[in-house]
Amino acid sequence: MAGIGFELRKLLKRDTFFSLLQTYGYAGIISSGPWVLSIFAVMLIGFISLPVVIPPVLVSQFQTSITYLIALSLIYTGLFQLAFTRYSADRIFEKEHFRLLPNLNGLLLLVTTVGGLVSFPLAIVLFPQTSLIYRLLFATTFVTVSCVWMAAILLSGLKAYKTILYNFALGYGTALFLAFFLRTWKLEGLLLAFLTGQFVLLKGMLFVIFRNYPSRTFVEFDFLRKRRVHYSLMLTGFFYNLAIWADKFVFWFHPYTGSNVIGPLHASEIYDFPIFLAYLSILPGMAVFLVRMETDFVEYYDRFYDSVREGGSLTTIQAMKNEMVHTAREGIYDIIKVQSIATIIIFLFGPAMLSLAGISLVYVPLLNIDVVSTGLQVVLLGLINIYFYLDRRERALLLTVLFATLNFILSIISINLGPYFYGYGFAGSLCITIMCGMFLLDRDLDTLEYKTFMLQ
């Protein structure tokens, strides 16, 4: 996100109230806009299809299929997301921009091949009651969405933050437009419309990347070389994505809370809508996270390491380190404060939203604890981001493994304890992980100068 960070810093330097609003507005759109657009697009497709697609259960089958495609593609590509982000950042730092495009092509080839070899046989075997067209569309969409996550890595490194949003708007707008005409083909028509939208989105991203990173080589696998691949980042990306979906899978497949929708796919009527509302509430927290980490924290981070590299005095190095630590703490506190306000708003209006969705008010406590949980997830994201800046990859891996394990185990326990404990597994896993993360971060920051010099 370095390119975006530079642009945000330019806006903040204008030092006006309007520029401050612009900065946080852009940060909110960049950090949350794409997935907010995707959620609303899938909901709108379902809404416009209800009068035409009969029986209505086909609309639920479409929305459940898309949810699984997004979840599984994120977990699968989590193996490559952080590792390739680090590879791209290193190549940009070493001014080897010519390697970015061919290695992205190599990564897309790898993701497409492995994803296709796994998804097509599984889709054919696991969905025997559906048409062959549905099964082929399901597997093709999985591969295409996986490629979209990969292309987004290089796009986010550019300064074209508006282009990211335009591409997502174009892709999901195309899906929505086609769904209006293809809904008469029922489940297969809706899935084809979504796949076409994802294809348009992917092509739009690649068009921007090809223009900004020209190269004479088309395909390379330099990112897989022994000294250029970070296995800890591959595992961190995988476990992080697994962790944020662990409680959803538990609720979908637990006999008390889930029910079968299509093929082997389950959903949870009582859990899915509250958690969807809860994730909408983190938009302001994500904006604060992006601005604080990509502007204030990075500024003092650069000053600290510049003073180390350029042989600054011990007093200067310690002063820069103290400012960096202060900024990191203030950033986390700001996220907590903003998320607290968003939580209070959801607490006030949540019951009315559940009533509109036709969900019993018995589940208001579930919505409330989900809102708190998603806010904590932003705090954890901030902690992990600081560890990435400090290059403490093993710490980030430890936290994501802990989060995934606890979320899975505590979610099962919370369901077995009864409805009033639903959602506390997600919240409890985040609380424990964040406390561990803050404890370790305090220790790491206290010894930062020593470790920085000892690792030279």
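Lys186 is partly exposed, with a relative accessible area of 36%; partly exposed covers the range between buried, under 20% relative accessible area, and exposed, over 50%, with a 1.4 Å probe and protein chains only. Lys186 belongs to helix 7, residues 186-212. Its phi is positive, about 60°, although Lys186 is not a glycine. Helices here are DSSP runs of H or I with at least four residues, and strands are runs of E with at least two, numbered from the N terminus.

The model is predicted, and local features need pLDDT of at least 70, side-chain atom pairs count only at pLDDT 80 or more, and totals for chains, interfaces and linings use all residues. Residues are numbered from 1 along each chain as its sequence is written, and side-chain values use heavy atoms, with hydrogens and water left out.

Asp391 also has a positive phi, near 60°, and is a residue other than glycine. Asp391 sits in the loop between helix 12 and helix 13 (393-417). Its relative accessibility is 35%, so Asp391 counts as partly exposed.

The chain as a whole has 15 helices and two strands. Of its 456 residues, 54% are buried. The chain exposes about 20,900 Å², and carbon and sulfur atoms supply 70% of that area; accessible areas come from the Shrake-Rupley method with a 1.4 Å probe, and for residues only the protein chains shown count as cover. Among contacts in the chain with a separation of 6 or more, 78% are between residues 24 or more positions apart. A contact means heavy atoms within 4.5 Å.

Leu206 lies in helix 7 and, at 13% relative accessibility, counts as buried. Leu206 and Leu104 are 102 residues apart in sequence, and their C-alpha atoms are 9.7 Å apart. Neighbours within four places in sequence aside, Leu206 is in contact with Leu104, Leu108 and Ala151. Another pair is Ala89 and Leu154, which are 65 residues apart in sequence and 9.4 Å apart from C-alpha to C-alpha. Ala89 is in helix 3, residues 57-93, and is partly exposed at 42% relative accessibility.

The axes of helix 11 and helix 12 come within 9 Å and cross at roughly 160°. Axes are lines fitted to C-alpha atoms, for helices over the stretch in contact, and angles run from 0 to 180 degrees between N-to-C directions. Helix 11 is therefore roughly antiparallel to helix 12; angles over 145 degrees count as roughly antiparallel, under 35 as roughly parallel, 65 to 115 as roughly perpendicular and the rest as oblique. The crossing of helix 11 with helix 12 is right-handed. A crossing is right-handed if the near helix is turned clockwise from the far one by less than a right angle, and left-handed if anticlockwise. The residues of this contact include Gln339 of helix 11 and Gly375 of helix 12. By class, the contact of helix 11 with helix 12 has 16 nonpolar, five polar and no charged residues. Nonpolar covers Ala, Val, Leu, Ile, Met, Phe, Trp, Tyr, Cys and Pro, charged covers Asp, Glu, Lys and Arg, and the others, Gly among them, are polar.

Gln339 itself is in helix 11, residues 314-356, and is buried at 4% relative accessibility. Not counting residues up to four places away in sequence, Gln339 touches Ser281, Ile282, Pro284, Gly285 and Gly375.

Helix 12 (residues 364-389) also packs with helix 14 (residues 424-446), at an angle of about 25° and with the axes 9 Å apart. These two helices are therefore roughly parallel to each other, and their crossing is left-handed. Among the residues in contact are Leu376 and Leu383 of helix 12 and Leu430 and Leu440 of helix 14. The contact of helix 12 with helix 14 has 16 nonpolar, five polar and two charged residues.

Helix 14 packs with helix 13 as well, at an angle of about 155° and with the axes 7 Å apart. Helix 13 is therefore roughly antiparallel to helix 14. Helix 13 passes helix 14 in a right-handed crossing. The meeting residues include Leu402 and Leu406 in helix 13 and Leu430 and Leu440 in helix 14. The contact of helix 13 with helix 14 has eleven nonpolar, eight polar and two charged residues.
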